[in-house]
Amino acid sequence: MLNPARQLSADQLSIARLVPPGSRVLDLGCGDGAMLDYLTAECGCTGYGVEIDDANVQACVARGVNVIQLNLDEGLAMFGDASFDVVLQIDTLQHLRNAEVMLRETARVGRIGIVAFPNFGHWPNRLAVLRGRMPVTKVLPYQWYDTPNIRVGTLQDFEALALQNRLEILDQFGLQDGQEIRFWPNARASRAVFKFQRG
C-alpha cells in the first residue's frame, strides 16, 4: 500500500510513468521533493533534487530527499555529461530566465529529459485572451500582475524550440485533469508534457 505521504496528483503520476524504474534522476525545481520521494520509494530510483526556495529545501530534507540548493538560472556546470538517466523539469521551465539554455543543459546532463509546463494554447486560455483578459485557471492560477511565470508557451512552441535546439522528441502529450490527451492536445490540454533526448 502506497504511503499517503507519497501520494501524487493524477498529472504527476502520468509524468512519473515516463521515468524507467531504477533510473538515476535529477529533478530540477523539485519543490517539496514529492516526485523524487515517490520515484525513490515506488520505482527504485536514486538521485537529487535541485531547489532554490528555503522552505522547499527543508521539506525535501524532512522527506529524506537528497537536495541541492541552487539557482537554476546559474546553470548546471557542476554536473557532467550524461551523469543522470533522467532529468525532470516539472513546472520549472516557465520560471527560468535562461529557459533555452536550461533545456540544452537538461539534454546534456541527462540521457533523457522530461519537461511539463502549463499549455497556454488550451482553449479556455485562448477564450480568455479573446475576451481581453489574461487567463486564470487551475494550472495558471495567478493574476497577470503577480504570476511567477515569466514565460508562456504551447505544445507547438515547444516542438519548434526542440527542433531549433536539435532535440529529438521521444514522446509528447497533453494532460487534462489527470487524463493523457493525444488528440489535439494543444487545444484540449491544460498541461504539456515532453520526453526528449539530444538528437
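Biologist: Why does Y145 count as exposed?

Modeller: Relative accessible area decides this: over 50% is exposed, under 20% buried, and in between partly exposed, with a 1.4 Å probe and protein chains only. Y145 counts as exposed because its relative accessibility is 57%. W144 counts as exposed too, at 62%. Bear in mind that this is a predicted model, where local features need pLDDT of at least 70, side-chain atom pairs count only at pLDDT 80 or more, and totals for chains, interfaces and linings use all residues. Residues are numbered from 1 along each chain as its sequence is written, and side-chain values use heavy atoms, without hydrogens or water.

Biologist: Which parts of the chain does the F158 and F196 pair link?

Modeller: Distant ones: F158 is in helix α6 (residues 155-164) and F196 in strand β8 (residues 191-198), 38 residues apart. Helices (H or I, at least four residues) and strands (E, at least two) are DSSP runs, numbered from the N terminus.

Biologist: Now the open space. Which residues lie nearest the centre of the largest pocket?

Modeller: They are G29, G31, I90, D91 and T92, out of 24 lining residues. A pocket is an open set of points on a 1 Å grid over the protein atoms alone, where a 1.4 Å probe fits, with protein on both sides within 12 Å along at least five of seven lines; lining residues have an atom within 4 Å of a point. α1 (10-16) and α2 (34-43) each supply at least two lining residues, and α1 has the largest share, with three.

Biologist: And what lines the second largest pocket?

Modeller: It has 17 lining residues, and L93, R151, V152, G153 and L161 are the closest to its centre. α4 (99-109), β5 (110-118) and α6 each provide at least two. The most, three residues, come from α6, the helix that also holds F158.
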